[in-house]
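Subject: Handover of a structure and its findings

Dear colleague,

Please find below the structure that I am handing over to you.

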Amino acid sequence: MTFITVPLTLYPDMFPGPLGHSMAGRALEAGVWSCAPVQIRDFATDKHRTVDDTPAGGGAGMVLKVDVLAAAIDHAAAAHPDLPILAMTPRGTPITQARVRNLSVGPGAIILCGRFEGFDERIFDARAIEQVSMGDIILSGGEMGALLLLDACIRLLPGVMGAASSGDDESFENGLLEYPHYTRPASWEGRTIPEVLRSGDHAKIAAWRKQEAQDHTRLRRPDLWERHIDARDRPASGARRKEKD
């Protein structure tokens with residue numbers, strides 16, 4: 001089954017962009033996934049193909065028009081009724097690796113890419129759209145966020161990564177940051193690869209990697225570490241286990 005992606009955008013030439021190269025590019029050529037961007041401007045009804053207007057109540061910038069957005073969304077949804085519709089917006093729910101995995105096992109996604117000051121709020125009242133964010137940053141438009149999201153999904157599609165287990169130990173997959181990596185030469189500028197990684201003892205290597213992942217997460221991402229501890233200490237019933245003194 002092909003993973004279908006339909007970006008709704010004012011800049012369709014931005015797709016597939018970098019996703020046309022490397023693993024994602026080979027997968028695109030092989031038909032593992034497809035990319036069919038839709039030009040939002042094609043659904044404007046006036047002779048100037050207007051897609052935005054001034055904010056109601058005044059203020060700086062322009063807002064994408066709800067009637068044009070709705071027409072573009074309805075067109076894409078009619079062609080792909082099984083695809084979820086996502087909108088890239090800083091007001092959205094932050095994307096997690098769990099949500100990425102959930103999307104990657106589905107049929108694909110229609111992704112609405114914002115520009116200017118964003119969307120007329122009424123589009124979210126009138127259509128079933130999941131608002132998502134790629135983090136606490138501000139971009140010039142939703143296209144870059146959409147490319148990030150698509151890359152995260154595409155690399156998980158069957159056959160895209162070389163080995164099925166290639167992504168199992170990466171950052172966020174198990175609620176932790178990834179452990180450090182090393183390769184030859186064994187010594188460089190007086191710095192050597194940790195002895196345990198050269199020992200050949202797979203049990204010790206696994207234990208070292210687990211401890212390093214925990215230590216790096218605790219020190220660099222205390223927010224992630226707290227969520228990891230909370231999930232680890234929560235029994236199957238969902239109730240928080242009492243912490244020992």
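The notes below describe what was found, beginning with the basis of the values.

The model is predicted, so local features need pLDDT of at least 70 and side-chain atom pairs count only at pLDDT 80 or more, while totals for chains, interfaces and linings use all residues. Residues are numbered from 1 along each chain as its sequence is written, and side-chain values use heavy atoms, with hydrogens and water left out.

Domains

The protein is divided into domain 1 (3-156) and domain 2 (169-239), with bounds that come from an automatic or database domain assignment. The C-alpha centres of domain 1 and domain 2 are 34 Å apart.

Helices (H or I, at least four residues) and strands (E, at least two) are DSSP runs, numbered from the N terminus. Strand β1 covers residues 3-9, and six of its seven residues are buried, so β1 is largely enclosed by the rest of the structure. Buried here means under 20% relative accessible area, exposed means over 50%, and partly exposed lies in between (1.4 Å probe, protein chains only).

Two strands pair if DSSP finds at least two bridges between them. β1 pairs in the parallel sense with strand β2 (residues 33-35) over three bridges, and with strand β7 (residues 108-113) over five bridges. Two bridges also join β1 to strand β3 (residues 38-39), again in parallel. Thr5 stands opposite Cys35 in β2 and opposite Ala109 in β7. Leu8 has Leu112 as its bridge partner in β7 and stands opposite Val38 in β3.

β7 is also joined to β6 by four bridges, and these strands run parallel; Met88 stands opposite Cys113 in β7. In a regular strand, side chains alternate between the two faces of the sheet. Both faces of β7 are covered, with Gly108, Ile110 and Leu112 buried on one side and Ala109, Ile111 and Cys113 buried on the other.

Nonpolar cores

A nonpolar core is a set of buried Ala, Val, Leu, Ile, Met, Phe, Trp, Tyr and Cys residues joined through side-chain atoms within 4.5 Å. The largest one has 26 residues, of which Leu19, Trp33, Val100, Ile111, Leu149 and Ile154 touch the most other members. At least two residues of this core come from each of α1 (22-29), β6 (85-94), α3 (97-104), β7 and α5 (142-154). The largest share, seven residues, is supplied by α5.

Leu149 touches Leu86, Met88, Ile95, Val100, Leu103, Ile111 and Met134, leaving aside residues up to four places away in sequence; contact means heavy atoms within 4.5 Å. A second, separate core has 24 residues, including Phe43, Ala70, Ala76 and Ile85.

Helices α6 and α7

The axes of helix α6 (residues 202-220) and helix α7 (residues 222-232) come within 5 Å and cross at roughly 125 degrees. Axes are lines fitted to C-alpha atoms, for helices over the stretch in contact, and angles run from 0 to 180 degrees between N-to-C directions. α6 and α7 are therefore oblique to each other, given that angles under 35 degrees count as roughly parallel, over 145 as roughly antiparallel, 65 to 115 as roughly perpendicular and the rest as oblique. The contact involves Gln214, Thr217, Arg218, Leu219 and Arg220 of α6, together with Pro222, Leu224 and Trp225 of α7.

His228 is placed in helix α7 and, at 15% relative accessibility, counts as buried. His228 touches Asn174, Gly175 and Leu176, not counting residues up to four places away in sequence.

Yours sincerely
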